[in-house]
Amino acid sequence: MGAVFSILFLKEPEREQVQSEKSIKTEATSLKSLLQPIFFIPFLIIFISSFGLSAYETIYGLFLDRQFQFTAKDIAILLILSGVLGTVFQVFLFDGLTRKLGEINLIRICIFVAAIMMVFMMNVSSFISILLVTLMVFWTFDLIRPALTTYLSKVAGQQQGYISGLNSSFTSVGNIVGPIIAGALFDYQAYSPYVFSLAVLLISLVIAMFWRQPKKLL
């Protein structure tokens, strides 16, 4: 369906013609600009947050099965409700929250809430409490991702494609490394992946506290 809709309705946007000399200069400075705090900090948060969320998601079903004997149906209900409600939450509240708080403050708050939820995840047992924790974790990451993407699109300027590609790359690397570590930790001790995710999120929060709004966005 995605392929059909893209063929029928997705059109290439018109772009301003950029001189070749300017293009060469942009390519030469792309790596240097990546090391600037305006890009480096959000990309580091993208990697670490993807790292932590993928670790959480990877052992989620295994954890509930081992610790609470949840059935596949129970776990499916939790994930479906979290996904549907998270989508609704993002569609109707994201724009208002970013307008009121700004992308950086919203990301800080979401990371902080997600870290608290990791603590709760290690201390809950009932279906309702686990559902609420799961909803909060998915909601926070459903807000972090678009907030990071929105911020990067605002500061990318003529490097939209380059920055978008790095965004996907950092996310993918985090999604690869996180499950590997989470699986190894789960074999060692059932709660250890959530301790790991908590530590990763706290590191993200510390980094985010040093993140400052660029003057061009003020």
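1. Aromatic cluster. Phe63, Phe68, Phe70, Phe127, Tyr191 and Tyr194 are joined into a cluster by ring pairs. Rings of Phe, Tyr and Trp (its six-membered ring) pair if their centres lie within 6.5 Å; planes under 30 degrees apart count as stacked, over 60 as edge-to-face and the rest as tilted.

2. Basis of the note. The model is predicted: local features need pLDDT of at least 70, side-chain atom pairs count only at pLDDT 80 or more, and totals for chains, interfaces and linings use all residues. Residues are numbered from 1 along each chain as its sequence is written, and side-chain values use heavy atoms, with hydrogens and water left out.

3. Aromatic pairs. The whole structure holds 7 aromatic pairs. One of them joins Phe5 and Phe9: the ring centres lie 5.6 Å apart and the planes stand at 35 degrees, so the pair is tilted. Phe5 and Phe9 are 4 residues apart in helix 1, which means about one helical turn separates them. Helices (H or I, at least four residues) are DSSP runs, numbered from the N terminus.

4. Exposure of that pair. Phe5 has a relative accessible area of 47%, so Phe5 is partly exposed. Phe9 has 57% and is exposed. The cut-offs are under 20% relative accessible area for buried, over 50% for exposed, and partly exposed in between (1.4 Å probe, protein chains only).

5. Val4 sits in helix 1 (residues 2–9). Its relative accessibility is 47%, so Val4 counts as partly exposed.

6. Salt bridge. There is 1 salt bridge in the structure, that is, a side-chain nitrogen of Lys or Arg within 4 Å of a carboxyl oxygen of Asp or Glu. Arg99 and Asp95 form a salt bridge through their side chains, at 2.9 Å, N to O. Arg99 and Asp95 lie 4 residues apart in helix 5 (residues 72–101), so about one helical turn separates them. Arg99 is exposed at 68% relative accessible area, while Asp95 is partly exposed at 41%.

Notes. Helix = DSSP H or I, 4+ residues; strand = E, 2+ residues; numbered from the N terminus.
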